[in-house]
Amino acid sequence: MCRMMGRALMPNTEAARWNFNWLKDKEERGYALVYKENNRVIGNLTITSVMEEVASMEPLVCQKGKSLSFSIGRQYQRRGLMEEAMRAVIHHLFYTEGVDYIHCSCYSFNAPSRELQKKLGFQHIATLQFTEDGQELTSEENVLWRP
C-alpha cells in the first residue's frame with residue numbers, strides 16, 4: 001500500500017504500528033477494512049476536509065464536499081472489496097451527510113486507484129505537480145457529484 005501512496009515501505013512492525021497510529025490519531029475520520037474470512041485488517045478508508053487548494057477550484061467553490069482516500073493490500077485488490085466499501089461510504093456521504101461532491105485523488109502512477117475511481121464515476125478536474133520528501137509527484141484530482 002505504501003508504494004502507491006507515495007510513502008516509503010515500512011521495514012518492520014514498529015514502522016507499521018507508527019503508520020497505523022498516525023492514521024488513527026491524525027485523520028479526521030478513518031475506517032479499517034477487515035476481511036471477514038480471517039478477521040484481518042486489509043486496508044483503510046479515510047474521510048477528511050477537502051484541501052483548500054482543491055476546494056478553491058471551479059466548480060467546487062461554494063459547494064459542500066469531503067475528500068475520500070483509500071488503500072488496500074495488494075493481495076486483496078481486484079476482488080471488489082474496496083469498491084463495495086467505497087460505494088457504502090459514498091452513499092452515506094451523499095444521502096446522510098448531504099455533501100454536494102466527493103473529492104478523491106491518486107498519484108499518476110497508481111493505475112488501480114485511477115481505474116476504481118473511474119469505475120465509481122469520479123471525473124478528472126485537475127492535475128497537480130508537487131515535491132514531497134525530495135520526490136517530484138503528479139496527483140490526479142477527481143470529483144464525484146451527488147446524483
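Author: The model is predicted, so local features need pLDDT of at least 70 and side-chain atom pairs count only at pLDDT 80 or more, while totals for chains, interfaces and linings use all residues. Residues are numbered from 1 along each chain as its sequence is written, and side-chain values use heavy atoms, with hydrogens and water left out.

Reader: Why is Cys 104 called buried?

Author: Buried means under 20% relative accessible area, exposed over 50%, and partly exposed in between, with a 1.4 Å probe and protein chains only. Cys 104 has 0% relative accessibility, so it counts as buried. Cys 106, at 6%, is also buried.

Reader: What makes Ser 105 buried, exposed or partly exposed?

Author: Its relative accessibility is 32%, and therefore Ser 105 counts as partly exposed. Ser 105 is placed in strand β4; strands (E, at least two residues) and helices (H or I, at least four) are DSSP runs, numbered from the N terminus.

Reader: How do you know how many disulfides there are?

Author: A disulfide is a pair of cysteine sulfur atoms within 2.5 Å. The sulfur of Cys 104 has its closest cysteine sulfur in Cys 106, 7.5 Å away, which is too far for a bond. The count by this rule is zero.

Reader: Which residues does Ser 105 contact, beyond its neighbours within four places in sequence?

Author: Contact means heavy atoms within 4.5 Å. With those neighbours set aside, Ser 105 is in contact with Ser 113, Gln 117, Ser 139, Glu 140 and Glu 141.

Reader: What makes a set of residues a nonpolar core?

Author: The members are buried Ala, Val, Leu, Ile, Met, Phe, Trp, Tyr and Cys residues joined through side-chain atoms within 4.5 Å. The largest such core has 23 residues, and Leu 45, Leu 68, Met 82, Met 86, Ile 90, Ile 102 and Phe 122 touch the most other members. At least two residues each come from β1 (29–35), β2 (40–48), β3 (65–72), α3 (81–95) and β4 (101–107). With seven residues, α3 gives the most to this core.

Reader: Why is β3 described as largely enclosed?

Author: Seven of its eight residues are buried, so the rest of the structure largely encloses β3.

Reader: How do you know which strands pair with β3?

Author: Two strands pair if DSSP finds at least two bridges between them. Six bridges join β2 to β3, running antiparallel, and three join β3 to β4, running parallel.
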